[in-house]
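Please look over the sequence and the model before turning to the points below.

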Amino acid sequence: MNDEVDGVVRAWQHARPDLALEPLQVWSRIDRLAGILDAHRKEAFAAHDIESWEFDVLAALRRAGEPYQLTPGQLIKETHVTSGTMTNRVDRLAKRQAVVREPDPNDGRGVLVRLTEYGLQLVDAAMVALTELEAELLNSWEPQERDQLAGYLRRLLLDASS
């Protein structure tokens, strides 16, 4: 079986036979898969009136455990965005009443961002849709194949991040 990356690699082999194209076979597939997954996730989230960036922030708060609150700095670390971007996202989520800002009792100048009951319901419903979608995308894979792939991807992510 061939996919579109095979055609791209063949074309590059013809155009530039001097290049080692093995990495292109890996990274081009990851890039295409990321685009496909992003489109599926947007569709699943849209069914729950939530955008991907909203899910990222709400999910970080949900994973923090009760009382579902983090500092803006912790949210930045969890979601890999800039301070300005996080401020904008929290503002927008606060307008939706999915989060509230509260004074940080441990830091007189700081604030905590806390998930509201509405935000909790929103992220929980979106997470159910996401896990169902992602399970469906992997339904032809045996559990040991999934575990092996996850291990390879973990290793690749760690290597690429260092």
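The structure is a predicted model, in which local features need pLDDT of at least 70 and side-chain atom pairs count only at pLDDT 80 or more, while totals for chains, interfaces and linings use all residues. Residues are numbered from 1 along each chain as its sequence is written, and side-chain values use heavy atoms, with hydrogens and water left out. Helices (H or I, at least four residues) and strands (E, at least two) are DSSP runs, numbered from the N terminus.

- Three strands form an open sheet: its 3 strands have the order 1-3-2, with antiparallel pairing; two strands pair if DSSP finds at least two bridges between them.
- Strand 1 and strand 2 are at the edges with a single partner strand each, so one side of each has no neighbour in the sheet.
- Strand 1 (residues 69-70) is joined to strand 3 (residues 107-115) by 2 bridges, and Gln69 stands opposite Arg114 in strand 3.
- Strand 2 (residues 99-104) runs antiparallel to strand 3 and is joined to it by 6 bridges.
- Glu102 has Leu112 in strand 3 as its bridge partner, and Asp104 stands opposite Asp107 in strand 3.
- The hairpin from strand 2 to strand 3 passes through 2 residues.

**The nonpolar core**

- A nonpolar core is a set of buried Ala, Val, Leu, Ile, Met, Phe, Trp, Tyr and Cys residues joined through side-chain atoms within 4.5 Å, where buried means under 20% relative accessible area (1.4 Å probe, protein chains only).
- The largest such core has 28 residues, and Phe55, Leu58, Leu61 and Leu75 have the most contacts inside it.
- Helix 2, helix 3, helix 5 (83-95), strand 3 and helix 6 each give two or more residues to this core.
- Beyond its neighbours within four places in sequence, Phe55 is in contact (heavy atoms within 4.5 Å) with Phe45, Ile50, Val123, Ala126, Met127 and Leu130.

**The pockets**

- On a 1 Å grid over the protein atoms alone, a pocket is an open set of points where a 1.4 Å probe fits, with protein on both sides within 12 Å along at least five of seven lines, and lining residues have an atom within 4 Å of a point.
- The largest pocket has a volume of about 820 Å³, a volume being the space filled by probe spheres set on the points, which are joined across faces, edges and corners.
- Its lining has 22 residues, of which Leu33, Leu37, Leu138, Leu149 and Leu153 are the closest to the centre of the pocket.
- Helix 2 (22-46), helix 6 (117-137) and helix 7 (143-161) each supply at least two residues of this lining, and the largest share, 10 residues, comes from helix 2.
- By class, the lining of the largest pocket has 16 nonpolar, 1 polar and 5 charged residues; Ala, Val, Leu, Ile, Met, Phe, Trp, Tyr, Cys and Pro count as nonpolar, Asp, Glu, Lys and Arg as charged, and the others, Gly among them, as polar.
- The second largest pocket has a volume of about 420 Å³.
- Of the 13 residues lining the second largest pocket, Leu37, Arg41, Asp56, His80 and Glu134 lie nearest its centre.
- Helix 2, helix 3 (52-63) and helix 6 give two or more residues to that lining, with helix 2 giving the most, 5 residues.
- The lining of the second largest pocket divides into 6 nonpolar, 2 polar and 5 charged residues.

**Two loop residues**

- Leu21 lies in the loop between helix 1 (4-15) and helix 2, and counts as buried because its relative accessibility is 9%.
- Apart from neighbours within four places in sequence, Leu21 is in contact with Val9, Trp12 and Gln13.
- The C-alpha atoms of Leu21 and Asn88 are separated by 41 Å, with the two residues 67 residues apart along the chain.
- Thr116 is in the loop between strand 3 and helix 6, and is buried, with a relative accessible area of 13%.
- Not counting residues up to four places away in sequence, Thr116 touches Gln97, Ala98, Val99 and Val100.

Terms used: Buried < 20%, exposed > 50% of the residue type's maximum accessible area, 1.4 Å probe, protein only.
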